[in-house]
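Morning, everyone. I have one structure to walk through today. Let me put it on the screen.

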Amino acid sequence: MSERSLVRQAWIWLASPVVLFIAFWIRAEIAVPVIAATVFCIWRMLWHSPGNLHVHGFHDIPWRRTMYAALLVTAAYVTMSGIGGFVAQIPSDHAWRNAIFYDLARHPWPVRYGDGADAPLLCYYFAFWLPSAIVAKATGFIMAGDAAQLVWAIWGTWIAINMIVSMCGRKAIWSTIAIFIFFNAWDWVTAIFFSDEYFSIFENPWTAHLTWLSTTSDRFSASANPIIYNFIYNQGIPLWVFITLLIHRRNKPGTLLLLLSLLPIYAPIPSLAFIPWITWRLLRSPKEILTLPNVTGLAIAILSSAFLLQNNSGGHFRIVTTDGSVIIQLLMALVYYAISFGPFIPFIWKFIRRDLLYWSLISMAVALSLFGIGVTPDLAWRISLPAVMMTTIMLCRRCSEIKRPFSVTDRLVVMVLAIGSFSSVYTFAYAIHSEILVAKGERERKLIFMMGRLNSREQGLWYDNFNAEGESIYRKWLMPRQPDSAQHVQPKK
């Protein structure tokens, strides 16, 4: 698998749903030139340029028999996360993800709940589901769309894993997969000091709280990858593809805004973490700021932001403090992330000591712990994801250097990784336990209780998270003009 092929797949995977969003959610007179410019820029970057890319640090990956086994393990890992509902879904947040996909499949785009100019709109970062929603629309079956979104998730994960292998010297496929699956910051240690939830593995090993050691502090987060895949895969998988592609493109400032612009409609909060570094990188090369890819990226970012900011909860930012003190909150954030990531820093120091991108992402995780959206700590829960992923990638690079005979340092890094993997291992055990309950008829495999109810204030617990009401710039100037009534297509469940 060539480096060029991997990079092409990454751009196509990220850009295709964004093109679908612009095509169906933005007026044609704006959408057509933006889509044309996007396709032209990506084509010129990846197909028109002669020769291979040969970015420093990246390599082609020989396709051997072990790659088929690696692909099978990757597919099993993604399937176990519950995406599509083919394995017992945990936690209950899957019900809302399933409902978003269901509404994207059964409604015309853009999704409106009712007729008339003031009808509520489905407003969420739903780009991940758009390709599979088309499959559901075309076939008339939600299950076909479920299978399509699982395939889409496996493809995105496979791209990210191979991009990491490529930058690790193409020989670290199994260590990369192991770290990708099991790495977790030391959240069980931070939970002792920061968690407001009660948990005890000895009294009840299947309490759902144990899957949330990374996120129950209500202010900070350092999620395990299995938690990301079970909880916010619609953000996490695109973020994995994005961050590996960003590392590949980091010395190409003329395309950085185009790349960044593809992320907000998937993961708006994590995309904020990259703004300081990308701004700094562009200012270092001012002549490359006003390139066609960057101008196109700015247009995409404006369109995505105008759509997302009309969300009922989107403008409800608040300051998060500890005992009313911003300083104490920041100090606690520093302690939290020092405990979470500190044990791994000595082993990856040579890779990160001069890496401004890494330290910028860590700093944004700390700084934006001061902010929340609505009544939830969503900024804290999401803003740390890039730092978690960058740490994972650097550990993959470190472990790709392990050779026999194992040194003391090699044994130490494996031990530190194993200690931190508790939440990952527990999440897999919890998924297996839930699947056993499904076999016994004690719970359902796919959580469907929110399907068709996202627009109900009475039944929708997080109504404001998914709906946009009232006047907005998007509704007035960007939304496609539609007739007063629309026929809804109802795929079979």
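Start with a pair of helices. Helix 17, residues 356-367, packs with helix 19, residues 385-399, at an angle of about 145°. Their axes are 8 Å apart. The crossing of helix 17 past helix 19 is left-handed.

Who makes the contact? On the helix 17 side, it's Leu357, Tyr358, Leu361 and Ile362. Helix 19 brings Pro386, Ala387, Met390 and Thr391. Sorted by class, that contact has seven nonpolar residues, one polar and no charged. An α-helix has 3.6 residues a turn, so residues three or four places apart point the same way.

A word of caution: this is a predicted model.

Now step back to the whole chain. The secondary structure comes to 23 helices and four strands. The chain has 493 residues, and 59% of them count as buried. Take the contacts with a separation of 6 or more: residues 24 or more positions apart account for 81% of those.

Last stop, helix 5, residues 130-139. Which of its residues are buried? Leu130, Pro131, Ser132, Ala133 and Ala136 are. And what covers them? The cover includes helix 1 (3-25), helix 4 (93-106) and helix 6 (142-167). Then look just past the end of helix 5. Gly140 sits there with a positive phi of about 80°.

That's my tour. Over to you.

Definitions and conventions:
Residues numbered from 1 in each chain as written. Predicted model: local features only at pLDDT ≥ 70, side-chain atom pairs only at ≥ 80, totals over all residues. Heavy atoms only, no water. Axes fitted to C-alpha atoms, helices over the stretch in contact; angles between N-to-C directions. Helix = DSSP H or I, 4+ residues; strand = E, 2+ residues; numbered from the N terminus. Left-handed = near helix turned anticlockwise from the far one by under 90°. Contact = heavy atoms within 4.5 Å. Nonpolar A, V, L, I, M, F, W, Y, C, P; charged D, E, K, R; others polar. Buried < 20%, exposed > 50% of the residue type's maximum accessible area, 1.4 Å probe, protein only.
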